[in-house]
Amino acid sequence: MKFRPLHDRLLVRRIEAEEKTAGGVIIPDTAKEKPQEGEVLAVGPGARAENGELVPLEVMAGDRILFGKWSGTEIRLEGEDLLIMKESDVLGVLEANASAKKAA
């Protein structure tokens, strides 16, 4: 993919929610909400501080993130629906649990 976000923006692919609930009930498409979890595909170089220094982003490509329901701008690149959002729209980064890291 030939896309590079500018400044403090991120390119994110939504991670689709489960089709079933924990109890086994299948959720129809009309009742599903937009997923609020995604994978960062690309990041910009960072924002400029008031003194002109480049402040790098804390989020990196490959991170799994949580974001607000209405965050970002939806775009279509190479037939895929993606989001462009600012780093400030990110609520948090999901990290693998410590036991999974030790096993690796």
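**A surface patch, a buried aspartate and a core**

L66 lies in strand β5 (strands are DSSP runs of E, at least two residues, numbered from the N terminus). The model is a predicted one, with local features needing pLDDT of at least 70 and side-chain atom pairs counting only at pLDDT 80 or more, while totals for chains, interfaces and linings use all residues. Residues are numbered from 1 along each chain as its sequence is written, and side-chain values use heavy atoms, leaving out hydrogens and water.

With a relative accessible area of 34%, L66 comes out as partly exposed, since that label covers whatever falls between buried (under 20%) and exposed (over 50%), using a 1.4 Å probe and protein chains only. Together with L91 and L94, L66 makes a nonpolar surface patch of about 270 Å² (patch residues have over 30% relative accessible area and no salt bridge, and nonpolar side chains are joined within 5 Å).

Over to D8, which sits in the segment before β1 (9-14). D8 counts as buried because its relative accessibility is 16%. Beyond its neighbours within four places in sequence, D8 is in contact with G46, A47, L57, M85, K86 and E87 (contact means heavy atoms within 4.5 Å). V55 is 47 residues away from D8 in sequence, yet the C-alpha atoms are 8.9 Å apart.

M85 and L57 turn up again in the largest nonpolar core, whose 10 residues also include L10, V40 and F67; such a core is a set of buried Ala, Val, Leu, Ile, Met, Phe, Trp, Tyr and Cys residues joined through side-chain atoms within 4.5 Å. At least two residues of this core come from each of β1, β5 (64-67) and β7 (80-86).

Methods:
Helix = DSSP H or I, 4+ residues; strand = E, 2+ residues; numbered from the N terminus. Patch = residues over 30% accessible without salt bridge, like charges linked within 9 Å, V, L, I, M, F, W, Y side chains within 5 Å. Areas by Shrake-Rupley, 256 points an atom, 1.4 Å probe, with all protein chains shown as cover. Salt bridge = Lys/Arg side-chain N within 4 Å of Asp/Glu carboxyl O.
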